[in-house]
Amino acid sequence: MTLSITSAFDGGNIRLVAAQGDCIDVEIQKDHQSDFYQWFYFRVTGAKGRPLQLRIVNCAGSAYPHGWDGYRACLSYDRDTWERADTAYAGGFLTISVTPETDSLWVAYFAPYTMEMHHDLVAEVAAAPGVAYRSLGKTLDGQDMDYLRIGEGPLQVWLYARQHPGETMAEWWMEGALGRLMDESDPVTRILRRRCTFHIVPNMNPDGSRRGHLRTNAVGTNLNREWHEPSAERSPEVLCVRNAMDETGVDFAMDVHGDEAIAANFLAGFEGIPSWTERQQQAFDRFAAELVRVTPDFQTSKGYEIAKPGQANMSMSTAQLAERFGAVSMTLEMPFKDNEDLPDEVYGWSPDRCRLLARACLDALHIILDDLPARR
């Protein structure tokens, strides 16, 4: 059987450059109408038993080249279980060393969450008792912006993920959150559904997800720089979601992401917004403290630089929602690599751990419900 490399499928991204024996050179393709690239997902066929050196040759020019240090690629034979590969980064090349056990091997930057998987998730949740579904609008490629509402309480909680489509751990997190919120035998879920109304957008960027993008939508727009002034031409995804938020108000919001370089889970907040209040900040800080308490997979010592007063980037959703609604809003970042404080040599940071972290986040939210500030 002839060795073949392909990415012509939902969420795929790679281009074959050269093949010489068991050394295969490939490169990641840029997001459409953008210079961003780092996400890869491809299939290797016809190489059973061959000691392959899969070299991604354009890593030095990627969006976050520092993210390659200490990174290990994800491999799967069944697209269900994803294990970490022997991976090395040097001279701008990322080399993945593997001897395939079968003639069909899948290789990815992180365990993929394809649009077909997304549709399965939405179909399952939308059919559950007490869940309302609607499409908030259409993307530029004509896909639905799927929205799910769960609960009947006065506190308006928005959970949204995958503004950056290559950060697939965000939708694995969503799967965990939705699974728990559908479990009415869970006492925490029962309290949350009684006191909160959850507004959930599992995938903010369907077009980028299906196209195999790292960071942008169908026309190269970084959606998390559009929240101050979204438009139907550049960012209809943000426009329709923000319009829905204007209808409901927002008391608590979590924007779920992944970080290429930092090997930890952490939160980013809204500290630099013009109308910052001490009560908002206290609720944010207590949520972070409770999350540390309920899971060893979260920490507060590593993360992004905190914006100084008046210097928040208002084009980003977390700052915009905190300012616009007086919400306790936050960005959750998960690693592409691993939690280096609690590493897993086989799986690294994994879909299972994403789902478990989502459950822990709901535990922390339950604890701080009384701390959420009254909406302006």
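Visitor: Are Tyr147 and Trp158 buried or exposed?
Guide: This is a predicted model, where local features need pLDDT of at least 70, side-chain atom pairs count only at pLDDT 80 or more, and totals for chains, interfaces and linings use all residues. Residues are numbered from 1 along each chain as its sequence is written, and side-chain values use heavy atoms, leaving out hydrogens and water. Buried means under 20% relative accessible area, exposed over 50% and partly exposed in between, with a 1.4 Å probe and protein chains only. By that rule, both Tyr147 and Trp158 are buried.

Visitor: What kind of aromatic pair do Tyr147 and Trp158 form?
Guide: Rings of Phe, Tyr and Trp (its six-membered ring) pair if their centres lie within 6.5 Å; planes under 30 degrees apart are stacked, over 60 edge-to-face, and the rest tilted. Here the centres are 5.7 Å apart with 40° between the planes, so the pair is tilted.

Visitor: How many aromatic pairs does a search of the whole structure find?
Guide: Ring pairs also link Phe40, Phe42, Trp68, Tyr71, Tyr109, Phe110 and Phe336 into a cluster. For the whole structure, the search finds 19.

Visitor: Which residue lies over the face of Trp106?
Guide: A charge sits over a ring if NZ of Lys or CZ of Arg is within 6 Å of the ring centre and within 35 degrees of the ring normal. Trp106 itself is buried, as is Tyr41. At 4.3 Å from the Trp106 ring centre lies Arg79.
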